[in-house]
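I am opening the notebook on this entry and want to record, step by step, what I look up in it.

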Amino acid sequence: MIAPVAVPLFASAMMLVLGGDRRTLNATLNVASVVVLVAIAIALLRGADASPDGLLGVYRLGDWPAPFAIVLVVDRLTAMMLLLTSVLASATLIFSLARWHRVGAHFHSLFQLLLMGINGAFLTGDLFNLFVFFEVLLAASYGLALHGSGTVRVTTGMHYIIVNLVASLLFLIGVSLIYGVTGTLNMADLATRIPAIRAEDRALLEAGAAVLGIAFLTKAGMWPMCFWLPRTYAAAPPPVAALFAILTKVGVYIILRLWLLLFGDHAGASAHFGGELLLIGGMATIVFGAIGCLASQDMARLAAYSVLVSSGTVLSAIAMGPVDMTAGALYYLVSSTLGLAALFLLIELIERGREPGADLLAVTRELYGEEDELDDAKGTGIAIPASIAALGGAFICCTLVISGLPPLSGFVAKFALLTAALNSQPDSIPIAAWIFLVILILSGLATLIATTRAGIHALWASPDRAIPSVRLVEIIPIVALILLCAAQTLQAGPFMRYAQAAAGSLYTPHDYLRGVLGAENVIQNTRREPR
Amino acid sequence: MEIVLAIGIGVLVSSGVWLILRPRTFQVVIGLSLLSYAVNLFIIAMGRLKAEAAPILSAGGVGDPGRYADPLPQALVLTAIVISFATTALLLVVLIASRGLTGTDHVDGRELDR
């Protein structure tokens with residue numbers, strides 16, 4: 001169970017020891033490590049799904065009993081996120097092997113460290129350990145965001161670093177406030193102690209949780225903490241940006257996990273603390289992202305705003321939801337992350353015809369894309385129409401996934417969300433559900449208009465001649481990601497069942513608490529009367 | 001002791017917030033450092049202030065936990081200090097790179113027209 005953290009750590013250490021210049025060797029190590037990670041994640045997923053309470057197990061570091069030491073916990077949600085991360089990582093890694101891993105130093109070791117941080121953040125059951133893993137993934141992401149250098153990348157990278165440092169400080173303030181009130185940092189232990197907090201301490205606890213929430217929501221990109229995101233994602237190297245699509249989901253995951261664990265139905269007076277703000281903020285994020293999509297004039301920024309739409313949708317669905325809604329949100333999370341990653345990779349290929357040098361990429365992307373140089377396949381041999389057709393087809397598929405049109409998984413996801421929203425109460429439909437419905441459908445429309453406009457502009461209406469030289473190794477990951485979306489559609493039934501089970505155990509965390517703390521501790525703690 | 005520490009943290013935080021809102025990158029770095037000092041002090045304060053108490057249990061018995069300082073916040077502060085030190089160093093490198101590439105130390109990379 002510790003392997004998803006240990007494997008990337010050892011891989012990156014090996015790469016550093018062997019020397020950052022030996023790219024072939026490093027690339028081999030990286031690929032091997034990612035393949036191992038995918039295999040481990042699949043094994044964990046199967047294990048978690050097969051176990052009766054959805055909890056595969058608890059790994060105690062140093063084998064100390066639970067509230068005193070750090071624990072790693074694997075349940076259905078964690079296993080799903082681990083698999084999503086490793087699949088995304090393998091796709092972006094294969095893509096980057098074509099060219100991008102050569103434009104700067106230490107790409108492979110940073111890549112592995114980023115994976116280690118993400119996996120650790122998904123696995124950990126301890127608040128301060130979560131901070132440490134967050135810092136690991138952020139430090140690696142700083143390096144990757146600057147990968148390839150260039151003025152734009154350095155400037156936006158600097159903004160990214162400063163925003164995240166401030167968010168990390170807020171994280172620390174929140175963690176220490178919570179520790180000061182409850183005297184524990186173990187998430188499961190916290191969940192059992194929160195109902196018994198004295199009334200005069202409750203304000204302090206909620207303040208701590210709110211500060212902590214702001215730190216995570218900054219990372220998840222909730223409006224109004226999201227203004228750093230579009231510029232950074234648009235300027236980052238495409239494979240990195242595709243991997244960053246999961247970074248916002250790390251913030252979303254933590255919100256989902258902590259909010260339902262600490263402030264679920266069982267939390268006494270603090271139950272559903274901050275839910276309304278999360279709902280309003282999520283919806284505002286969708287609106288902001290959709291307007292940003294319509295307003296953006298280059299494709300990388302369009303994709304970055306789509307990231308905002310996606311995380312806003314998930315956040316507001318989490319805030320609204322009973323179990324069905326959260327299950328839909330999980331389905332949507334997976335499908336939109338895959339689709340966005342494919343879109344980020346694809347954009348680089350489509351825009352490649354415009355820019356010859358890697359360093360110029362970021363600069364010209366800031367300008368309005370007047371200089372489309374893609375070929376319209378007239379009398380230039382047989383290979384070019386094939387590559388244009390492949391790019392165009394993949395672009396259409398990405399558009400379908402992101403804007404939520406049939407037949408791909410985006411449609412199923414939105415359908416699940418809307419059904420759950422409208423059926424949440426038996427006799428009447430709450431006003432929040434109506435607003436959510438309108439916003440979700442309009443945001444889909446906005447994304448569709450924006451992507452279609454960008455697609456026509458880049459793929460059809462380009463009279464200039466230039467051959468986008470697309471290598472097989474670059475198109476394969478994109479096709480694989482889209483095929484995964486298609487598979488997610490075909491297997492929607494089993495997948496939704498899994499998501500339902502994951503969401504269900506989030507809402508009734510007794511199995512989680514019992515697994516982490518042991519049965520007798522849970523009973524003892526829940527019996528403790530308010531002093 | 002509490003009031004001195006509280007005032008100290010307050011002064012550090014307010015100067016830090018003021019500085020990270022300034023337009024020059026160096027001011028931002030100093031502001032972030034001040035904020036991280038304040039946060040470190042705050043973590044210590046959250047473990048309750050206690051004078052002349054060791055965080056380690058004496059040999060031969062558990063005794064009264066009220067006579068000992070809380071060791072956990074001290075461990076947390078150590079980690080937080082290391083991490084904020086490392087990230088500040090990284091940020092400095094980026095600042096210098098940005099200065100070299102844009103020719104100005106403005107956070108947005110360009111001077112405002114006067």
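The entries below go from one chain to the contact between chains and then to single helices.

**Chain B.** I note at the outset that I am working with a predicted model. I began with the secondary structure of chain B, which has three helices and zero strands, so the order of elements from the N terminus on reads simply α-α-α. I then looked up burial and found that 36% of the 114 residues of chain B count as buried. For the contacts in chain B with a separation of 6 or more, I recorded that 54% are accounted for by residues 24 or more positions apart.

**Chain B against chain A.** Next I turned to the interface, where 30 residues of chain B are in contact with 25 residues of chain A. The size of an interface is often given as the accessible area lost when the parts come together. For chain B and chain A I noted a buried area of about 2,400 Å², with carbon and sulfur atoms giving 85% of that area. I asked which elements of chain B supply the side that touches chain A, and found that α2 (25–46) and α3 (71–102) of chain B each contribute at least two residues. The largest share comes from α3(B), with 15 residues. By residue class, the side of chain B that touches chain A divides into 20 nonpolar, seven polar and three charged residues. I also checked for salt bridges across the interface of chain B and chain A, and the rule finds zero, while the count of residue pairs in polar contact, both at pLDDT 80 or more, is three.

**Two helices of chain A.** I compared end-to-end reach with the expected span. Helix α10 (residues 238–262) of chain A has 25 residues and reaches 37 Å from its first C-alpha to its last, close to the 36 Å expected at 1.5 Å a residue. For α13 (residues 323–352) of chain A, the 30 residues should span 44 Å at 1.5 Å a residue, and because its end C-alpha atoms are 44 Å apart, the two values agree. Both helices are mostly covered, and I recorded 25 of 25 residues buried in α10(A) and 28 of 30 in α13(A).

**S90(A).** Which residues does S90(A) contact, leaving aside its neighbours within four places in sequence? I found V34(A) and V38(A). The C-alpha atoms of S90(A) and V38(A) are separated by 8.1 Å, although the two residues are 52 residues apart along the chain.

Technical notes:
Residues are numbered from 1 along each chain as its sequence is written. Chains are lettered from A and ligands numbered from 1 in the order in which they are written. This is a predicted model: local features need pLDDT of at least 70, side-chain atom pairs count only at pLDDT 80 or more; totals for chains, interfaces and linings use all residues. Side-chain values use heavy atoms; hydrogens and water are left out. Helices (H or I, at least four residues) and strands (E, at least two) are DSSP runs, numbered from the N terminus. The expected span of a helix is 1.5 Å times one less than its number of residues. Buried means under 20% relative accessible area, exposed over 50%, partly exposed in between (1.4 Å probe, protein chains only). Contact means heavy atoms within 4.5 Å. Buried area is the accessible area (1.4 Å probe) that two parts lose on being put together, summed over both. A salt bridge is a side-chain nitrogen of Lys or Arg within 4 Å of a carboxyl oxygen of Asp or Glu. A polar contact is a pair of N or O atoms within 3.5 Å; within protein, one must be able to donate a hydrogen and the other to accept it, and residues adjacent in sequence count only if both atoms are side-chain atoms. Ala, Val, Leu, Ile, Met, Phe, Trp, Tyr, Cys and Pro count as nonpolar, Asp, Glu, Lys and Arg as charged, and the others, Gly among them, as polar.
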